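Welcome, and please load the model in your viewer. We will go through it one selection at a time.

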Amino acid sequence: MLSTAAIVVGLYLGVAGGLLVALGHMLFELPYVAALVYWAEKLEEKLQRYEKPLALLTLGMAIYFSTGLVLTAIDILSKGSVPLGSLSLGSSPAGAVLAGVVFTGGNPYFLAWWVTIGLPLIRGAARTGATGFTAMYTAHVWIDYVWLAFLAGLGGLLSRIATIYAWLLIALAGMLLYFAASMTMHVYREKR
């Protein structure tokens, strides 16, 4: 979902939009990862308790974002060009950061990854103190910035070919809805 947001944001803000999405991702991820060092077991219990509401939040944001994508695509196809400013989330620097925060913090799979697979990495780095934790997180987060900036740049390039970009937006909206709906259904099936 975060990758999809970066591609769309790239239409409006180019590579800088991807960096802003990555900043939003990091604004949520860094405190979350740091908290895991100290409260891993308690956070795991809370994560399980709030997994359903987080899944619904993610689904709601995916519906909102996908609706904007489809409406923008329809506008592009009807006008034959890319109208800037028609997609509210992601068309501004603040919207790009917000997309990064929401699609990170509202994703139970992301939260669960750090509590499970990522936890040994966090604890290992924390054993060496703040320097170890800083080195581990820095080694991780730069990849997010590069990837999301690359995708945003790709989105910016594709926006120059209006029809192809419109169909890409529709495909991305479908993928975003599919992943959010699949995640939500999985969370609700598991919690019966």
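Start with the largest pocket of this predicted model, which holds about 330 Å³ of space. To find the spot, select Leu2, His25, Asn107, Phe110 and Asp144, which lie nearest the centre of the largest pocket, among the 15 residues of its lining.

Next, colour the elements around the pocket. Those that give two or more residues to its lining are helix 1 (2–13), helix 2 (15–49), helix 4 (93–105), helix 5 (108–115) and helix 7 (129–158). Which element gives the largest share of the lining? That is helix 7, with four residues.

Now switch to colouring by residue type. The lining of the largest pocket divides into eight nonpolar residues, five polar ones and two charged ones.

How many aromatic pairs does the structure hold? There are six aromatic pairs. For one of them, select Phe133 and Tyr137, whose rings are stacked, at 6.5 Å centre to centre and with 15° between the planes. Both residues sit in helix 7, and because Phe133 and Tyr137 are four residues apart there, about one helical turn separates them.

Finally, show the surface around this last pair. Are Phe133 and Tyr137 buried or exposed? Both Phe133 and Tyr137 are buried.

Note on methods: Residues numbered from 1 in each chain as written. Predicted model: local features only at pLDDT ≥ 70, side-chain atom pairs only at ≥ 80, totals over all residues. Heavy atoms only, no water. 1 Å grid on protein atoms, 1.4 Å probe; cavity = no way out; pocket = protein on both sides within 12 Å on 5 of 7 lines; lining within 4 Å. Points joined across faces, edges and corners; volume = space filled by probe spheres on them. Nonpolar A, V, L, I, M, F, W, Y, C, P; charged D, E, K, R; others polar. Phe/Tyr/Trp six-rings, centres within 6.5 Å; stacked < 30°, edge-to-face > 60°. Buried < 20%, exposed > 50% of the residue type's maximum accessible area, 1.4 Å probe, protein only.
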